[in-house]
Amino acid sequence: MGASRQLLRAVILGSPGSGKNTLSLRIIKHFQLKKLSSGDLLRDNMMRNTETGVRAKDLMGQGKLIPDDLMTRLTLQELKNLTQYSWLLCGFPRTLPQAEALDRVHQIHLVINLNVPFEVIMQRLAARWVHPASGRVYNLEFNPPKVAGKDDLTGEPLVKREDDRPETLIKRLKAYEDRTKPVLEHYQNKGVLETFSGTATDKLWPCIHACLQIKLTQIGQYPPEEKCL
């Protein structure tokens, strides 16, 4: 008998503007994974005014970070709906306590870490606009809206996120680095961390694609037939 087939449990990490959303969409398309974004999950709860969403709104309104226990509980609860699928976590875990809580429930096979230079991130986010209701993100350089300043699906106005402004962004990137460094060390020690460095998403993609093919083979899955990029 061959090796038993496991479902892939993967994580993608990267600072704001690193391209993790663009790359995660490519990954789930090519490898037929389910994607769970902590940011999307939080926005959904806020829009539906759930108990968690109301608490999150209140904390964010005070300029505070979302506590580890809230994000962990929210994410792990949602993962219960994906037990029959291979999945990719985007934006979680961001802290060591979150990573340790995730480890107690799931064995993570692969952590993709995106290492993009600071000046490239600043340039990307200067061109970034968002649709606040849905969280859809546009970039004027490589993913512009069909109509300038309007969301493609609703036609509603796009806005500049307050935390994409240069002075705020510098603080965000430093905070991300400080909080995520122990997470990267944690996964490095477990032997599942793969770091991809570069300035262009299209150049990182072939390396990430090859890495995923190897990992899927190792755990007994075989990638579906390739589709054109």
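A disulfide is a pair of cysteine sulfur atoms within 2.5 Å. A search of the whole structure finds zero of them. This is a predicted model, in which local features need pLDDT of at least 70, side-chain atom pairs count only at pLDDT 80 or more, and totals for chains, interfaces and linings use all residues. Residues are numbered from 1 along each chain as its sequence is written, and side-chain values use heavy atoms, with hydrogens and water left out.

**Cysteines**

- C90 is in no disulfide; the nearest cysteine sulfur belongs to C211, 16 Å away.
- C90 is buried, at 6% relative accessible area. Buried means under 20% relative accessible area, exposed over 50%, and partly exposed in between (1.4 Å probe, protein chains only).

- An open sheet of five strands runs in the order 2-3-1-4-7, with parallel pairing. Helices (H or I, at least four residues) and strands (E, at least two) are DSSP runs, numbered from the N terminus. Two strands pair if DSSP finds at least two bridges between them.
- Strand 2 (34-37) and strand 7 (193-197) stand at the edges. Each has a single partner strand, so one side of each lacks a neighbour in the sheet.
- The twist averages 20° from one strand to the next. Axes are lines fitted to C-alpha atoms, for helices over the stretch in contact, and angles run from 0 to 180 degrees between N-to-C directions.
- Helix 7 packs on the sheet and touches strand 1, strand 4 and strand 7. The direction of helix 7 makes about 145° with that of strand 1. Contact means heavy atoms within 4.5 Å.
- Strand 4 and strand 7 pair in the parallel sense over five bridges. In strand 7, E194 is the bridge partner of I112.

**Strand 1**

- Six of the six residues of strand 1 are buried, so the rest of the structure largely encloses this strand.
- Both faces are covered: R9, V11 and L13 are buried on one side, and A10, I12 and G14 on the other.
- Four bridges join strand 1 to strand 3, and the two run parallel. A10 stands opposite L88 in strand 3.
- Strand 1 also pairs with strand 4 (residues 110-115), in the parallel sense, over five bridges. There, V111 is the bridge partner of V11.

**Helix 5**

- Which residues of helix 5 (residues 96-103) are buried? They are Q98, A99, A101 and L102.
- Seen down the axis of helix 5, these buried residues fall within an arc of 160°, so they line one face of the helix. The arc is that of the directions from the helix axis to the C-beta atoms.
- The buried residues of helix 5 pack against strand 1 (9-14), helix 4 (68-79), strand 3 (87-90) and helix 7 (166-190).

**Nonpolar cores**

- The largest nonpolar core has 28 residues. A nonpolar core is a set of buried Ala, Val, Leu, Ile, Met, Phe, Trp, Tyr and Cys residues joined through side-chain atoms within 4.5 Å.
- L42, L79, L89, L102, V111 and Y187 have the most contacts inside this core.
- Strand 1, helix 2 (38-47), helix 3 (51-61), helix 4, strand 3, helix 5 and helix 7 each supply at least two of its residues. Helix 4 gives the most to this core, with five residues.
- V111 touches V11, L13, Y187, V192, L193 and E194, not counting residues up to four places away in sequence.
- Another core, of 20 residues, lies apart from the largest one. Among its residues are L8, A10, I12 and I112.

**Two further buried sites**

- L158 lies in the loop between strand 6 (136-139) and helix 7. At 10% relative accessibility, L158 counts as buried.
- L158 touches W129, V130, H131, Y138, P145, G149, K150 and D151, leaving aside residues up to four places away in sequence.
- H209 lies in helix 8 (residues 201-218). H209 is buried, with a relative accessible area of 12%.
- H209 and V130 are 79 residues apart along the chain, and their C-alpha atoms are separated by 27 Å.
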